[in-house]
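Subject: Structure for you to look through

Dear colleague,

Here is the structure that I promised to pass on to you. Please open it beside this message, and read the notes below with the model in view.

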Amino acid sequence: MRIGLYPGTFDPLTLGHIDIIARAADLVDRLVIGVAINRDKGPLFSLEQRVAMIEAECAELSRQSGTEIVVHPFENLLIDCARDVGAQTIIRGLRAVADFEYEFQMVGMNRALDKSIETVFLMADARRQAIASKLVKEIARLGGDVTKFVPELVNTALRERFGPITSHSPG
C-alpha cells in the first residue's frame with residue numbers, strides 16, 4: 001500500500017491545501033493529513049477545530065478518489081510522524097521560489113534522518129498560488145472577503161471569529 005503524508009498546520013485550511021490534497025490522493029492509496037500542533041505558532045483555530053474542518057472537507061474527496069484520507073495530529077518530528085503512519089512519501093505543496101528554498105533545506109535534513117522516506121513536491125494550481133493561510137487570516141481579521149480562498153465551512157468559521165465582511169473587493 002502506498003501511503004503519503006501531507007503535513008501542515010492548516011490554520012486555516014485553504015483551497016490551495018484542498019487542491020494539493022485532491023492531487024495527492026491520486027498518487028497514493030492512503031493519504032494522511034498530518035496536522036502539526038506547533039504551539040509556538042499560536043494557531044487561530046484549535047487543533048480540534050482544524051482536524052474537524054479537514055475531515056469535513058476531505059470526506060467527499062476520499063469518496064471521489066477512492067483513496068483513504070485520514071487526519072493525524074502530530075507534535076513530533078515530521079520524519080517520525082511519517083514513520084508512525086507508515087508513509088513512504090512526504091507530500092509538500094509549493095507556491096513560489098521562496099517556498100522551494102525552505103523546503104529544499106527540509107528535504108536535506110529529512111533525508112539525513114531517514115533515506116527511505118521520499119519527499120514529493122506538488123506545485124499549487126496557478127489559480128491558487130497566491131493563497132497563504134497567514135494572508136487569509138489577515139484579510140478576514142480586517143473584515144475582507146476570503147470566499148475565493150477558503151472552503152465555505154472555513155469561511156463561516158472565520159466570520160464567526162472575526163465578524164461579518166466589512167469591505168468588498170471589486171470582482
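**Rings, sheet and helices**

Phe-100, Phe-104 and Phe-121 are linked by ring pairs into a cluster, where rings of Phe, Tyr and Trp (its six-membered ring) pair if their centres lie within 6.5 Å, and planes under 30 degrees apart count as stacked, over 60 as edge-to-face and the rest as tilted.

Before going further, please note that this is a predicted model, in which local features need pLDDT of at least 70 and side-chain atom pairs count only at pLDDT 80 or more, while totals for chains, interfaces and linings use all residues. Residues are numbered from 1 along each chain as its sequence is written, and side-chain values use heavy atoms, with hydrogens and water left out.

There are three aromatic pairs in the structure. In one of them, the rings of Tyr-6 and Phe-10 have centres 5.4 Å apart and planes at 75°, so this pair is edge-to-face. Both Tyr-6 and Phe-10 are buried, where buried means under 20% relative accessible area, exposed over 50%, and partly exposed in between (1.4 Å probe, protein chains only). The rings of Phe-100 and Phe-104 have centres 5.7 Å apart with planes at 35°, so they form a tilted pair. These two residues lie four residues apart in helix H4, which is about one turn of the helix; Phe-100 is partly exposed, with a relative accessible area of 40%, whereas Phe-104 counts as exposed at 56%.

Helices (H or I, at least four residues) and strands (E, at least two) are DSSP runs, numbered from the N terminus. Five strands form an open sheet in the order E3-E2-E1-E4-E5, with parallel pairing, and two strands pair if DSSP finds at least two bridges between them. At the edges are strand E3 (68-74) and strand E5 (118-123), each of which pairs on one side only.

Strand E1 (residues 3-8) and strand E4 (residues 89-94) run parallel and are joined by two bridges, and Thr-89 in E4 is the bridge partner of Gly-4. Helix H4 (residues 97-113) packs on the sheet and touches E4 and E5, contact meaning heavy atoms within 4.5 Å. The direction of H4 makes about 170° with that of E4; axes are lines fitted to C-alpha atoms, for helices over the stretch in contact, and angles run from 0 to 180 degrees between N-to-C directions.

Finally, helix H1 (residues 15-25) is mostly covered, with eight of its eleven residues buried, among them Gly-16, His-17 and Ile-18.

With best wishes
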